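Try each task before you read its solution.

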Amino acid sequence: MSRRTEPAVAASDRWVDEDGVRAPGGSVHAWRPGTNQTLCGVPLHKAGLQRFPHVLWIDARWLAETTEERIVLCHRCAAAAGDRPGRRWTRVHPRP
């Protein structure tokens, strides 16, 4: 089984599009399925984030630009996912 390199999405809120599909809203973070934290280190359960394994991070970026729903992308997750030019952001002291 191969692991997907593109991260999925975890968000603080959700909305349903016209096709009836759940979509992320509010504060949106990049998340790798199979882990319990976002790329920037926020624990999913403690922060109350909902998982959206069917929405890729690149799709969340597109949704933030094209929809009228309030979607705020995490700048640390964007850097860790490689969206920013220059050096990638990495955690220096990850939680145990």
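The exercises below concern a predicted model, and they go from the overall fold to single residues.

**Exercise 1. The fold**

Work out how many helices and strands the protein has, and in which pattern they follow one another.

Solution. 
- Step 1: Count the elements. There are three helices and four strands.
- Step 2: Read along the sequence. The pattern is β-β-α-β-α-β-α.
- Step 3: Residues 24 or more positions apart account for 55% of them.
- Step 4: Check burial. Of the 96 residues, 31% count as buried.

**Exercise 2. The nonpolar cores**

Find which residues of the largest nonpolar core touch the most other members, and which elements give two or more residues to this core.

Solution. 
- Step 1: Start from the general expectation. In soluble globular proteins, nonpolar side chains tend to be buried together.
- Step 2: The largest nonpolar core has 16 residues, of which Val9, Trp15, Val28, Phe52, Trp57, Ile71 and Cys77 touch the most other members.
- Step 3: Assign the elements. Strand S1 (8-16), S2, S3, H2 and helix H3 (75-80) give two or more residues each to this core.
- Step 4: Look for another group. A second, separate core of five residues includes Ala8, Ala10, Trp31 and Leu49.
- Step 5: Zoom in on valine 28. Beyond four places in sequence, Val28 touches Val9, Ala10, Ala11, Trp57, Ala60, Ile71, Val72, Leu73 and Cys74.

**Exercise 3. The largest pocket**

Describe the largest pocket by its volume, its lining residues and their classes.

Solution. 
- Step 1: Take the volume, which is about 160 Å³.
- Step 2: Go to the lining. It has 13 residues, and the closest to the pocket centre are Trp15, Asp17, Ala23, Trp62 and Leu63.
- Step 3: Trace the elements. Strand S2 (22-31), strand S3 (50-56) and helix H2 (57-66) each supply at least two lining residues, and H2 gives the most, with three.
- Step 4: Sort by class. The lining has six nonpolar, two polar and five charged residues.

**Exercise 4. Histidine 29 and threonine 38**

Decide for each of these two residues: buried or exposed?

Solution. 
- Step 1: Histidine 29 is in strand S2, while threonine 38 is in the loop between S2 and helix H1 (44-47).
- Step 2: Apply the cut-off. Histidine 29 has a relative accessible area of 9%, so it is buried. Threonine 38, at 3%, is buried as well.
- Step 3: Look at contacts beyond four places in sequence. Those of histidine 29 include Thr38, Cys40, Leu49 and Cys77. Threonine 38 touches His29, Ala30, Trp31, Leu44, Leu49 and Cys77.
- Step 4: The side chains of histidine 29 and serine 27 are joined at 3.4 Å.

**Exercise 5. Threonine 66 and alanine 81**

Find which accessibility class threonine 66 and alanine 81 fall into.

Solution. 
- Step 1: Locate them. Threonine 66 lies in helix H2, and alanine 81 is in the segment after H3.
- Step 2: Threonine 66 has a relative accessible area of 44%, so it is partly exposed. Alanine 81, at 24%, is also partly exposed.
- Step 3: Inspect threonine 66. A polar atom of its side chain lies 2.9 Å from the backbone oxygen of tryptophan 62.

Definitions and conventions:
Residues numbered from 1 in each chain as written. Predicted model: local features only at pLDDT ≥ 70, side-chain atom pairs only at ≥ 80, totals over all residues. Heavy atoms only, no water. 1 Å grid on protein atoms, 1.4 Å probe; cavity = no way out; pocket = protein on both sides within 12 Å on 5 of 7 lines; lining within 4 Å. Points joined across faces, edges and corners; volume = space filled by probe spheres on them. Nonpolar A, V, L, I, M, F, W, Y, C, P; charged D, E, K, R; others polar. Core = buried A, V, L, I, M, F, W, Y, C linked by side-chain atoms within 4.5 Å. Buried < 20%, exposed > 50% of the residue type's maximum accessible area, 1.4 Å probe, protein only. Contact = heavy atoms within 4.5 Å. Polar contact = N/O pair within 3.5 Å; in protein donor to acceptor, adjacent residues only side chain to side chain.
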